[in-house]
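Thanks for making the time, everyone. I would like to talk through one structure today, so please have a look at the sequence and the model as they come up.

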Amino acid sequence: MLSKSAGSANLLEELQTVLTHGTIARRIETLQRVTDLFLNDTVDYSDDQITLFDDVFNCLIHHIESSAKALLARRLAPVAKAPPQIINVLAFDDLIEVAAPVLSQSERLSDDVLIESVRSKSQAHLLAISTRRVLSVAVTDVLIERGNDEVVNSTVNNPGADFSELGFTQLVQRAEGNDDIATCVGMRRSIPRHHYLKLIAKASAAVRARLAAANPDRANDVSAVVGEVTRRARSAPGTISRETTIAHGLVRSLYEDGRLDEHEVAVFAEARKFDETNAAIACLANVSIADAEKMMIESQTEGVLILAKVGGLSWATVKTIIDMRRDLTHVEMTDIDAAKRTYECLRLSTAQQVLRFHRTQQAAAADG
C-alpha cells in the first residue's frame, strides 16, 4: 500500500488504469494526487513505502509536460525524506525550471550527484547548486573550475560554502582583473592569510578600498601592499588571525624549549603550513616574523635562500620550502637547479650581510 489511509486502495486501482490507458491530463491529475498523499504523511513512511512512492513517481512523469514536472520538483525539493530516485531524475532534467528547485534545496542529493551535474549541465544548473544551504569543498572545487563569473560570485557569497586550499588558489586566479570576484573572495573570513595577501597584491585600488572599509581588522594588510610586492605582508599584530597567532605561538614554544630544528621546519613545509614554516625560519634566522614573511612571499626566490642559509638549513629542506611557496602562493620557480647552485655557493657571511641590508631597507621604507 502507498499509505495507511483508507483511500490508498482506490488510488492504486486508479494508478493501474492511468498507467495502462490514461491520457496525459489524467496522468498529471493522478501525479498531483499521489504527491498530495505523500506530502500529507511523509514523516510516517518507512523506507519500503518511500521506495514504492519512488517507483510510482517515476512511472507517472513519463510523457507529461514540463510545467507538471516543475511543480513536482518545487513540492518535493524541501522534503528531507523525498523519494531519492525521482529527486535525481528531476535534478538531471535539462530544463532549469525542473532541475533548479531540487538542485538548490534537496538534501537527498549526494556530493557525487552534484559534482556530476556540475560537470555535465548548464551554467544555470551550476548557479542553482551554488545557492545550496551547505556546499562541501568537493563541490565548490568543481563549481570554481567550471562555473562562469556569476556562478563563482554566487558560490563565494554563499555563507554555507566551504573551500579547499586548491579552491582558494583558483579563486585568487579568477579574481585577477575581476573586481567583483576579488571583492567577494576578499570578504570571506575563512580565506587563508597568504591567499589574502596575494589577492590584494593584484587587486585594483577600488577593491583594496572596499576590503579596507569592510575589514578594518585587515586594513593594514591592504594598505601595506600598495606600492611594492615585497611589502605585502606588513600588518599590525592585531590584524593577524587567531589561527596565525596560534601557529606562531606553537613555533615560539618549540624554539624556547630547544625543540625547533631543521626537521620541524621540513615537516611544516611538507604539510604546506605557511605560518608555521615562516615563523620557524624567522626563529632560526633570528629575524622578526614580519620580515621573514616579506622575504618568503616576494616574487624572487632570493629571500628564501637568504633566510634558509642564515638559519642553517640543508638544500633538501630549502627545496621543500620552495615547493610549499609555489603551491600556496602560486609563484613559479623557473630554474630549481640554478637555485640549488646559488644556494650551495652562497656563503653564510654573505647571507648575513644581505639580510642586514634587507632589514635596513625595510626599516627605511616603514619610516617613509
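Glu176 and Lys202 form a salt bridge in this predicted model, with the closest N and O atoms 3.6 Å apart. Glu176 sits in the loop between helix 11 (165-175) and helix 12 (179-187), while Lys202 belongs to helix 13 (residues 193-202), so the pair ties together parts that are 26 residues apart in sequence. Lys202 itself counts as partly exposed, at 40% relative accessibility.

Helix 13 also holds Arg193, whose side chain meets that of Glu293 in a salt bridge at 2.7 Å, N to O. Here the link is between distant parts of the chain, 100 residues apart, with Glu293 placed in helix 19 (residues 289-297). Both partners are buried, Glu293 with a relative accessible area of 3% and Arg193 at 8%.

A further pair is Lys121 with Asp94, where the closest N and O atoms are 2.5 Å apart. Lys121 lies in the loop between helix 7 (111-120) and helix 8 (123-130), and Asp94 in the loop between helix 5 (84-91) and helix 6 (96-105), so this bridge joins parts 27 residues apart in sequence. Lys121 is buried at 14% relative accessible area, whereas Asp94, at 61%, is exposed.

To put these pairs in context, the count of salt bridges comes to 9, in a protein that has 23 helices and 0 strands. Of its 368 residues, 49% are buried, and among contacts between residues at least 6 apart in sequence, 62% join residues at least 24 apart.

Definitions and conventions: Residues are numbered from 1 along each chain as its sequence is written. This is a predicted model: local features need pLDDT of at least 70, side-chain atom pairs count only at pLDDT 80 or more; totals for chains, interfaces and linings use all residues. Side-chain values use heavy atoms; hydrogens and water are left out. Helices (H or I, at least four residues) and strands (E, at least two) are DSSP runs, numbered from the N terminus. Buried means under 20% relative accessible area, exposed over 50%, partly exposed in between (1.4 Å probe, protein chains only). Contact means heavy atoms within 4.5 Å. A salt bridge is a side-chain nitrogen of Lys or Arg within 4 Å of a carboxyl oxygen of Asp or Glu.
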